[in-house]
Amino acid sequence: MASELNQIASWSLRWRIVLAGGLCLTAALSAAQPAEPKIVLHAEQRFQLALEAQTARDYRTMLDELRQAAGEGSAEAQEMLGMVLLAGPTLYGSAVKADRCEARGWMMKAASQGSDTAKSQLIFLNRLRQSPAGRSACE
């Protein structure tokens with residue numbers, strides 16, 4: 001009878017060890033894979049990321065960040081996006097296509113927020129539109 005009790009106690013102890021090990025393993029795995037946090041970036045932060053991407057010559061990322069920041073209302077990003085779209089592949093390679101109509105739209109938004117640079121660029125764009133090839137480009 002004593003040997004039977006020892007055998008039951010031995011099996012009980014083994015099961016407890018296996019269960020404890022399983023719990024520890026589960027806890028370790030869940031801690032090793034934390035849920036991905038949702039990071040909220042503001043327009044100014046996105047504009048700074050665009051500047052960093054420009055410095056790193058990652059023009060696709062620069063353009064994406066500028067579009068997001070400009071869409072969120074950053075006058076600086078709207079102004080820069082307009083200038084980037086004016087320069088296009090001349091300065092930024094094949095990653096950026098020149099689009100003076102879209103550039104005009106962003107410049108108008110920046111100018112409406114008081115950007116003097118955007119106002120100057122709009123004067124330049126309006127002069128281009130008065131040339132024969134530019135009359136109907138954005139209409």
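When I speak of a helix axis this morning, I mean a line fitted to the C-alpha atoms over the stretch in contact, and the angle between two such axes is taken between their N-to-C directions, from 0 to 180 degrees. With that in hand, and keeping in mind that this is a predicted model, let me begin with helix 2, residues 43–55, and helix 4, residues 75–87, which pack at an angle of about 35° with their axes 10 Å apart. On the helix 2 side the residues that meet the partner are Phe47, Leu51 and Gln54, and on the helix 4 side they are Glu76, Ala77 and Met80. Sorted by class, this contact of helix 2 with helix 4 has four nonpolar residues, one polar and one charged.

Now to helix 3, residues 59–71, where we can check the length: at 1.5 Å a residue its 13 residues should span 18 Å, and because the end C-alpha atoms are 18 Å apart, the two values agree. The buried residues of helix 3 are Tyr59, Met62, Leu63, Glu65, Leu66, Ala69 and Ala70, and what covers them includes helix 2, helix 4, helix 5 and helix 6. After helix 3 comes Gly73, which has a positive phi, near 100°.

In sequence Arg104 and Leu122 are 18 residues apart, while in space they are 6.7 Å apart, C-alpha to C-alpha.

Methods. Residues numbered from 1 in each chain as written. Predicted model: local features only at pLDDT ≥ 70, side-chain atom pairs only at ≥ 80, totals over all residues. Heavy atoms only, no water. Helix = DSSP H or I, 4+ residues; strand = E, 2+ residues; numbered from the N terminus. Contact = heavy atoms within 4.5 Å. Nonpolar A, V, L, I, M, F, W, Y, C, P; charged D, E, K, R; others polar. Expected span 1.5 Å × (residues − 1). Buried < 20%, exposed > 50% of the residue type's maximum accessible area, 1.4 Å probe, protein only.
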